[in-house]
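Please study the sequence and the model shown below before reading on. The explanation that follows leads through the chains one after the other and ends where they meet.

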Amino acid sequence: MEDPLYREIILEHWQNPQNYGSVKNPSFDLSDNNPSCGDKIRITGKIKNGKLIDVRFTCQGCAVSKASASILTGQVKGMLITEIIKLKEEDILKNLGVEITPARYNCALLCLRTFQNGLK
Amino acid sequence: MSYKKDFPIFKNNRKMVYLDSAATSQKPQVVIDAVNDFFSKYNSNVHRGIYTLSEKAEELYEGTRKKVAGLINAGGASEIIFTGNATEAINLAAFGYFKKFLKKDDIVVLSEMEHHSNVVPWLMLKKSLGIKIYYLPVNEDYRLDHLRLMEQKINFSKVKLISLTHASNVLGTVNPLEEIIPSLKKECTNAKILIDAAQSIPHIPVNVKKMNCDFLAFSSHKMFGPSGVGVLYARQELLEMTDPLFYGGHMIANVDKEKARFLPAPAKFEAGTGKLEGVAGLGAAIDYLNTRDIKVIQKYEHGLTKYTLSRLPKIKNVQLYGSRNFLNRLPVFSFNIGAIHPHDVSEILNRHGVCVRAGHHCAQVLMDACQTAGTVRASLSIYNTKDDVDKLITSIEDVKNVFRLTD
């Protein structure tokens with residue numbers, strides 16, 4: 001029986017995260033943590049003409065937070081910063097394609113919240 | 001001996017394997033009854049009630065104080081202060097006593113295996129008074145290397161406090177205080193001794209005279225009692241020099257428009273109405289521990305510890321943070337599985353009904369010393385069995401399957 005949370009998409013991004021690392025000479029360098037579990041994330045990126053042209057992250061976190069950062073960074077590359085700020089939490093949870101229980105919302109949303117708090 | 005039947009939670013959660021007793025213990029029926037009885041038979045405020053019901057409530061309240069004194073071999077009931085929990089108890093010692101007497105450059109000795117409750121109050125005093133903190137290191141067998149203090153080039157007469165946990169909430173290590181304290185006191189002759197017994201008290205004998213400690217703190221909820229009640233023990237003459245942290249009702253000898261005089265300890269430290277039903281429950285928890293006999297409990301848990309140590313560390317990809325020697329050790333097992341995050345491990349264990357804790361366990365100084373951000377922690381108590389350990393082991397195999405960790 002396939003696990004309801006740890007499906008292919010989460011495990012694949014956990015093992016081979018996209019956009020992992022840091023951007024050289026970044027326009028922004030954001031760090032945040034999840035105080036309930038101590039997970040840490042760092043996001044660096046380059047902005048040109050209001051558009052996010054490059055983004056990378058590193059994290060010390062669970063499979064859910066790592067996979068969601070991997071998916072989200074892929075999604076926001078090329079987007080206008082103003083659009084990124086408008087992204088909705090429920091859409092990010094949906095994008096993961098797995099069932100996220102409320103206890104894991106903070107894990108799944110750490111990356112988005114770091115973006116939105118830092119770029120506002 | 002089966003202790004499980006004493007705890008009704010297991011009748012209501014038949015498949016649950018509860019391995020989180022270091023966070024809080026389950027409650028035996030006798031404790032639940034005592035809380036219930038307080039409300040249904042004796043509920044009234046203690047102290048100053050000149051009627052039979054209040055006298056009965058007071059008997060329960062002060063009776064528990066005597067039971068606590070007996071349990072830890074204190075000099076008398078007046079050396080027992082009820083607080084909200086162990087954290088509050090340590091804060092009372094730190095801010096009621098030590099804040100008055102510590103001076104800039106005085107040294108407080110802690111260890112790397114302390115819970116945040118025995119780190120942060122001293123960090124606050126470091127900030128406000130300029131005291132220095134030295135952390136006794138943990139060695140490669142996850143035991144305290146207390147003799148390293150003697151190698152430090154410090155003025156030992158400046159060491160005014162040695163504040164140590166009796167047992168680690170992460171490693172399971174029991175610190176042999178009967179050896180450690182006298183050996184440190186030889187050099188640190190001015191040091192007071194504070195012991196955090198929150199983890200040890202439901203598992204092993206705690207005797208303030210044998211430990212030769214000045215202060216001792218613990219919580220009711222980790223020793224089968226209700227939450228919301230903690231205890232600070234301190235020697236009588238120290239309590240006389242300690243200031244209360246809270247002021248108001250009950251603690252008063254006399255008040256006029258200009259000034260207030262306080263009652264002596266313990267009343268001086270217990271302003272306001274206490275957690276009456278909780279204290280009644282703590283009394284029942286102590287009776288339970290005494291009936292079950294801590295020495296018998298200790299022996300039973302040695303068996304659990306030995307059995308777990310014979311299985312858990314043998315699993316490939318499991319890294320244990322704690323000694324593999326069952327002696328001087330609680331049935332508390334911190335581990336990681338490969339690079340899998342502790343939260344992911346606990347999520348999958350939960351699918352099997354196995355309740356564990358994941359994270360830094362309020363011991364970030366220790367996490368740094370162990371060079372990890374967090375661990376999975378399985379902590380056992382008297383109601384656990386070898387079957388529970390087996391269930392943990394097979395569930396760990398499932399975690400490895402889900403995360404495709406092949407042997």
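Chain A exposes about 6,100 Å², and carbon and sulfur atoms supply 48% of that surface; such accessible areas come from the Shrake-Rupley method with a 1.4 Å probe, and for residues only the protein chains shown count as cover. This is a predicted model, in which local features need pLDDT of at least 70 and side-chain atom pairs count only at pLDDT 80 or more, while totals for chains, interfaces and linings use all residues. Residues are numbered from 1 along each chain as its sequence is written, chains are lettered from A and ligands numbered from 1 in the order in which they are written, and side-chain values use heavy atoms, with hydrogens and water left out.

Chain A has 5 helices and 3 strands, where helices (H or I, at least four residues) and strands (E, at least two) are DSSP runs numbered from the N terminus. Along the sequence these elements follow the pattern α-β-β-β-α-α-α-α. The radius of gyration of chain A is 14 Å, close to the 14 Å that the globule rule gives for 120 residues, so chain A is as compact as a globular protein of that length. The radius is taken over C-alpha atoms, and the globule rule is 2.2 Å times the number of residues to the power 0.38. Taken along the principal axes, the C-alpha atoms of chain A fill a box of roughly 50 × 25 × 25 Å.

Of the 120 residues in chain A, 48% are buried; buried means under 20% relative accessible area, exposed over 50%, and partly exposed in between (1.4 Å probe, protein chains only). Among contacts in chain A between residues at least 6 apart in sequence, 58% join residues at least 24 apart, a contact being heavy atoms within 4.5 Å. Chain A carries 16 positive and 13 negative side chains, and the centres of the two sets lie 9 Å apart. In this count Lys and Arg are positive and Asp and Glu negative, while His and the chain ends are not counted; the place of a charge is NZ of Lys, CZ of Arg, CG of Asp or CD of Glu.

One residue of chain A deserves a separate look. N49(A) lies in the loop between strand 2 (39-48) and strand 3 (51-60) of chain A. Its phi is positive, about 50°, although N49(A) is not a glycine. With 76% relative accessibility, N49(A) counts as exposed.

The account now turns to chain B. This chain contains 13 helices and 15 strands. Its radius of gyration is 22 Å, close to the 22 Å that the globule rule gives for 407 residues, so chain B is as compact as a globular protein of that length. The C-alpha trace of chain B spans about 75 × 60 × 35 Å along its principal axes. Buried residues account for 55% of the 407 residues in chain B. The accessible surface of chain B comes to about 17,100 Å², of which 51% belongs to carbon and sulfur atoms. Chain B has 52 positive and 42 negative side chains, with the centres of the two sets 1 Å apart.

L232(B) is found in strand 8 (residues 230-234) and is buried, with a relative accessible area of 2%. Leaving aside neighbours within four places in sequence, L232(B) is in contact with several residues, including I80(B), L92(B) and F215(B). L232(B) and F215(B) are 17 residues apart in sequence, and their C-alpha atoms are 7.0 Å apart in space. C188(B) lies in the loop between helix 6 (177-187) and strand 6 (192-196) of chain B, and at 0% relative accessibility C188(B) counts as buried. Beyond its neighbours within four places in sequence, C188(B) is in contact with L149(B), F156(B), V159(B) and I162(B).

The peptide bond from A265(B) to P266(B) is cis, with omega near 5°, and P266(B) lies in the loop between strand 10 (260-262) and helix 9 (276-292). D105(B), in the loop between helix 4 (86-101) and strand 3 (107-111), has a positive phi near 75° and is not a glycine.

Where do the chains meet? Chain B and chain A bury about 1,400 Å² between them, 52% of it on carbon and sulfur atoms. H341(B), F403(B) and R404(B) supply 36% of the area that chain B buries against chain A, more than any other three residues. Buried area is the accessible area (1.4 Å probe) that two parts lose on being put together, summed over both. The contact takes 12 residues from chain B and 17 residues from chain A.
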